Amino acid sequence: MGQFKKRQIVFLLQLIGVTAVLFAMHSYLVYHFAKDITFFFPVWQIYAFHVFITLILYSVINYRFSTGKKDVFNLFMVMTFLKMFLAILFLLPLLLSEFENKQPDVFNFFIPYFLYLFFEVFALTRFLQKS
């Protein structure tokens, strides 16, 4: 379990760093280039969702790997589909609302979604290659 905790702490610190940079850039861009657009979801809620889901996904795979189950690809795929489903649930209030301009909110959500997905894949492949 020492390896699990070590990987978890390193990932958490990296996740905090990536989130701080992405959130700052995203907030800056929204503040300066989208002043006239009213958004359904605040940027912080989108990032809170992504951080929480990314941390859960990585933790489950890290725990499974640490207990001796080296074949985690199927688990990663199932967790990724679950993440997609939760993303749709997160966006459901927007999609079902009478909100006029939904496209900026969808972009606001999915650009970080794919950046976090890339970060997950990068972090998981890096620790799996070391093992």
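This is a predicted model: local features need pLDDT of at least 70, side-chain atom pairs count only at pLDDT 80 or more; totals for chains, interfaces and linings use all residues.
Local features need pLDDT of at least 70 and side-chain atom pairs count only at pLDDT 80 or more, whereas totals for chains, interfaces and linings use all residues. Residues are numbered from 1 along each chain as its sequence is written, and side-chain values use heavy atoms, with hydrogens and water left out.

A search of the whole structure gives one salt bridge, defined as a side-chain nitrogen of Lys or Arg within 4 Å of a carboxyl oxygen of Asp or Glu. The partners are Lys 83 and Glu 120, whose closest N and O atoms are 2.7 Å apart. This pair links distant parts of the chain, with Lys 83 in helix α3 (residues 73–96) and Glu 120 in helix α4 (residues 103–130), 37 residues apart. Helices are DSSP runs (H or I, at least four residues), numbered from the N terminus. Lys 83 counts as buried because its relative accessibility is 2%; Glu 120, at 1%, is also buried. Here buried means under 20% relative accessible area, exposed over 50%, and partly exposed in between (1.4 Å probe, protein chains only). The charged end of Lys 83 also sits over the ring of Tyr 113, 4.9 Å from its centre. For this contact, NZ of Lys or CZ of Arg must be within 6 Å of the ring centre and within 35 degrees of the ring normal. Lys 35 lies over the face of Tyr 31, at 5.5 Å from the ring centre.

The whole structure holds 17 aromatic pairs. Rings of Phe, Tyr and Trp (its six-membered ring) pair if their centres lie within 6.5 Å; planes under 30 degrees apart count as stacked, over 60 as edge-to-face and the rest as tilted. Among the pairs, Phe 11 and Tyr 58 are stacked, at 3.7 Å centre to centre and 10° between the planes. Phe 11 belongs to helix α1 (residues 2–33) and Tyr 58 to helix α2, 47 residues apart in the chain. Both residues, Phe 11 and Tyr 58, are buried. Phe 118 and Phe 122 form another stacked pair, with 6.4 Å between centres and 20° between planes. These two residues, Phe 118 and Phe 122, lie four residues apart in helix α4, about one turn of the helix. Phe 118 is exposed, at 58% relative accessible area, and Phe 122 is partly exposed, at 41%. One aromatic cluster includes Phe 40, Phe 90 and Tyr 113.
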